[in-house]
Amino acid sequence: MDYPVELQGLTKRFTVKKPLPEGELGLLKFMGRLLRKPKTMETILAVNDVSFKIREGELFGLLGPNGAGKTTMIKTLCTLLWPNAGTALVNGYDIRREPKRVRASIGTVLDIQMGWYGRLSCRQNLLFYAQLYNIPPSKIRERTESMLKLVGLTEKADEWQQKLSSGMKRKLDVARALLPDPPVLLLDEPTLGLDVESSRELRHVIKHELCGNQRKTVLLTTHNMDEAEQICDRLAVMHKGKIIAIGETGYIKSLVKSSEVVTCEVRRMSPQILASIEKLDGVVSVASSQPNPEAHQLKIQVKERGVVPKISEAIVEGGGLLHAIRVEEPSLEDTLIKLTSEGSK
Amino acid sequence: MSWPPRSVYSMYAFFRRDAVNVSSYKLNFIFSIADMFLWALTMGTLGKITQSAQAPYMQQYGNMSAATFMLIGMMCNMFLQQSQGAPQWIANPGNIERILLTPCSIPTFILGTMSWQYFWSSLNIIVFIFIGTLLFGMDLSVINWSTFIIVLLIGILAMWGLGITAAGIQLVTKQWNPITWFLMAFSWLVSGVFYSPEALLTVDSSGTLYAFAWYLPQTYVYHMIRLSFIGKTVLDMLPTLANLLILAAVFFGLGWLTFKLCMRRCQLEGSLGWV
């Protein structure tokens, strides 16, 4: 199959109740509101007419800020949510018409670890799920052991699940997703909570073992830009339910390559400095953060390097102390910030 | 067809999961076994103490002893209560989302979740019958086992209906469902676990409670199971059995429909995993 995952105008809306405003929390006001039956519902377009295809053996990354709709998309693809419009084909099966076959074709790691039984060992938990996945009795032990080995939990196999660290629980999540040997993997932030070494190991397993050797198709969501940059073959940037950019990692970065990023470390920072930099010709955007109590870090996207001296001047004239300044090519993180801020506008 | 059949294989997974989980609480597990014997002794003793008061209502059951009457009531109650209560456990948000991601069907999921509880209730029945025959003169010589099993199965079906309704409502509201709890608790009062529903007429001369009792499937189950203990067959009690069947069909049909609707609503709202 050329495209094991194919989204066709997938749309998912949620109708949610608006919380009562602070001023309406009194009993009488609340009763009045109930009697008047005001509209307290609002519709959120979590996934908005999304279409793309993922090739066999491809590692496809989905990037976006919180609330972009990544988890909703994963949950819709794995049939836990029912789409409002459009559909998707997973391993050739329609998520609307053949949800059972879709579920039999996928392995899923969701953002929240659920469905574990704390007083069962890791092995017993996996054996339980292996039976639900209908792995034949003759192969069930072998499969469970190999999954435990793959995620590095062989030594912890007989420990109660509730005694594992959160990183180990995440590994067990991945082992469960791989149990049925599915052709398609939907991984919602699989490295969340893992330490640096475990994350690197897991990324290696996903990229080389699962996608490379076993030709599995992987859709992975992540907040970790380095992770996306390192392992994904292609990326989609999602914002407010829409795909705002899609392509190979290099292409996504090139979308903002016409600009460069000036990083400044400033002490005695003030809002006036920020405002004067924003007004400068050639400045595309300014993002400010405070990594330590004394200094602010400014990430300024500029159209050309010629504006750098003007930035220094603006800081000094505004009463700030310029501690360090450097010009960099945009990282994927910069790209994401730029694309999503443009999407917001 | 593969062996073992997929649904049986999956159900066994649930059974084993619960067996391992329950037995991991060792002290609790040992006390649960002791609890079965204590309950049987308590019911038998209570029956002996209330023998003279219960005697007038025992004629329809071949003058069985009040101890036997109460032991039967209690052991059936365990089965019915499990049937009503267990489907609500599946409404556990983490559990249901995760199981739905496997190829396991919802009926298999529900039955599998209940399998350990039924096994445990079956052990209870054995203990109750053992204590009943050994200490309280329970007579098993004329019992009609096929009637016993048929009535119990239909009763279980009706109670599933209530339980599945409650599970569906719980999926949507994320709240404990008081309606089915009320029906279950009310059945202790009117359905005849400890005393015959006819005895209600002595405290409620209007007959309201007595009339209400026959709208509950439990009342039919207790009544007919007791009749099976004096050798009555299904054919001997066809009209009563028909009533139970109608109640079971209505309760189960409505329950399944409610559950499916609630599940679909959760999938639309995205609230399946909400706590």
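1. **Ground rules.** This is a predicted model, in which local features need pLDDT of at least 70, side-chain atom pairs count only at pLDDT 80 or more, and totals for chains, interfaces and linings use all residues. Residues are numbered from 1 along each chain as its sequence is written, while chains are lettered from A and ligands numbered from 1 in the order in which they are written.

2. **Where the chains meet.** In the interface, 23 residues of chain A are in contact with 26 residues of chain B (contact: C-beta atoms, placed from the backbone, within 7 Å). On the chain A side, the elements that give two or more residues are α3 (99-105) and α4 (122-132); helices (H or I, at least four residues) and strands (E, at least two) are DSSP runs, numbered from the N terminus. The largest share, five residues, comes from α4(A). By type, this side of chain A has 14 nonpolar, six polar and three charged residues (Ala, Val, Leu, Ile, Met, Phe, Trp, Tyr, Cys and Pro count as nonpolar, Asp, Glu, Lys and Arg as charged, and the others, Gly among them, as polar).

3. **The six-stranded sheet of chain A.** You can trace an open sheet in the order β6-β7-β8-β3-β9-β10, with mixed pairing (two strands pair if DSSP finds at least two bridges between them). Its edge strands are β6 (106-109) and β10 (242-248), each pairing on one side only. Neighbouring strands are turned by 15° against each other on average, direction ignored; axes are lines fitted to C-alpha atoms, for helices over the stretch in contact, and angles run from 0 to 180 degrees between N-to-C directions.

4. **Around β9(A).** Strand β3 (residues 59-63) of chain A runs parallel to β9 (residues 234-239) of chain A, joined by four bridges, and A:G61 stands opposite A:L235. Towards β10(A), β9(A) has six bridges in an antiparallel arrangement, where A:L235 has A:G247 as its bridge partner. These two strands, β9(A) and β10(A), form a hairpin with two residues between them, and A:K240 in the turn has a positive phi of about 50°.

5. **Nonpolar cores.** Within the largest core, of 144 residues, A:A175, A:V218, B:L71 and B:V221 touch the most other members. A core here is a set of buried Ala, Val, Leu, Ile, Met, Phe, Trp, Tyr and Cys residues joined through C-beta atoms within 7 Å; buried means 20 or more other C-beta atoms within 10 Å, exposed 12 or fewer, and partly exposed in between. Leaving aside neighbours within four places in sequence, the contacts of B:V221 include B:C76, B:L80 and B:L244. A second, separate core of 16 residues includes A:V262, A:C264, A:L298 and A:V307.

6. **A tryptophan in chain B.** B:W39 is found in helix α2 (residues 26-49) of chain B. With 18 C-beta neighbours inside 10 Å, B:W39 counts as partly exposed. Its C-alpha atom is separated by 9.6 Å from that of B:V127, 88 residues apart along the chain.

Terms used:
Two residues are in contact if their C-beta atoms, placed from the backbone, lie within 7 Å.
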